[in-house]
Amino acid sequence: MARILLCTSASAALYKACDLASQLAQAGHDVPVLLTPSAAQLVSPQQFEAVTGQPARVHELGEDRLGAMDHIDFARGLAAVVVAPCTAALAGRIAMGLATDLVTTALMAVPLGVPRLVCPAMNPHMLAQPAVARNLAQMVEDGWERMEPEVGHMACGEDGPGRLADPDLIAQRLLEILSA
């Protein structure tokens, strides 16, 4: 069906991204997955490989590289991009156009016009920071659609907004985007 790039960052909600990848792959979509180096320390790329049937990538350089310009190859032929979970750090790099790893270099190479969905997930106090709000607002201004985080009990023990949206809702929104 459609090629949907899933980019992930280091969050306690990362396990939900595995569920999202699985749902999209089971629906027949091609789902390449890119993880930030920190995300790969929380969840093994092999977990994403198991649910999508294709290698999940962390680094562009090194022995596992696919080609000379992997970040460009990942950005080609996409029907949509989703960043879930999106941490404060990743939102800042995206908003500022900083291509510092495979995730951000691939995102900077995505052609304009490809639908982009960002799904923030972080501690409520982090989410409330003016700098984080500015970065997420900048992403929206740059063409990203923001899926609001849920309110509830967080892995850090606090309550409030910041929980990654349910994978079912993210998948549903992506299907709406694709059918538009």
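Is Cys 119 buried or exposed, and what is its relative accessible area? Cys 119 is buried, with a relative accessible area of 1%, and in this predicted model that residue is one of those touched by Ile 170, a residue of the largest nonpolar core.

**The largest nonpolar core**

- The largest nonpolar core has 31 residues, and among them Leu 6, Phe 48, Val 82 and Ile 170 are the ones that touch the most other members.
- At least two residues of this core come from each of the strands β1 (4-8), β2 (33-35), β3 (80-86) and β4 (116-120), and also from each of the helices α1 (14-26) and α9 (167-179).
- Helix α1 provides the largest share of this core, which amounts to 6 residues.
- When residues up to four places away in sequence are not counted, Ile 170 touches Leu 20, Val 82, Ala 84, Leu 117, Cys 119, Met 147, Leu 164 and Ala 165.
- There is also a second, separate core, made of 27 residues, and Cys 7, Leu 34, Cys 86 and Ala 88 are included in that second core.

- Strand β3 is mostly covered, since 7 of its 7 residues are buried.

- The structure holds 0 disulfides, and for Cys 7, which is in no disulfide, the nearest cysteine sulfur is that of Cys 86, at 9.7 Å.
- Cys 7 counts as buried because its relative accessibility is 0%, where buried means under 20%.
- Cys 119 is likewise in no disulfide, and the nearest cysteine sulfur to that of Cys 119 belongs to Cys 86, which is 8.6 Å away.

**Helix α5 and what covers it**

- Helix α5 spans residues 88-96, and its buried residues are Ala 88, Leu 90, Ala 91, Gly 92, Ile 94 and Ala 95.
- The cover over these buried residues of α5 includes the strands β3 and β5 (144-146), together with the helices α6 (102-109), α7 (124-127) and α8 (130-141).
- Gly 97 follows α5, and this glycine has a positive phi, near 75°.

- With its neighbours within four places in sequence left aside, Lys 16 is in contact with Arg 163, Leu 164, Ala 165 and Pro 167.

- Leu 169 is found in helix α9 and counts as partly exposed, because its relative accessibility is 42%.
- Apart from its neighbours within four places in sequence, Leu 169 is in contact with Met 147 and Glu 150.
- Leu 169 and Thr 52 are 117 residues apart along the chain, and their C-alpha atoms are separated by 19 Å.
- Gln 172 is also found in helix α9, and its relative accessibility of 43% is why Gln 172 counts as partly exposed.
- From C-alpha to C-alpha, Gln 172 and Val 103 are 23 Å apart in space, while in sequence they are 69 residues apart.

**The hairpin of β6 and β7**

- Strands β6 (residues 150-153) and β7 (residues 159-163) run antiparallel and are joined by 4 bridges, and His 153 stands opposite Asp 159 of β7.
- This hairpin has 5 residues between its strands, and in the hairpin Gly 157 takes a positive phi near 95°.

Key. Residues numbered from 1 in each chain as written. Predicted model: local features only at pLDDT ≥ 70, side-chain atom pairs only at ≥ 80, totals over all residues. Heavy atoms only, no water. Core = buried A, V, L, I, M, F, W, Y, C linked by side-chain atoms within 4.5 Å. Buried < 20%, exposed > 50% of the residue type's maximum accessible area, 1.4 Å probe, protein only. Contact = heavy atoms within 4.5 Å. Disulfide = S-S within 2.5 Å. Pairing = 2+ DSSP bridges.
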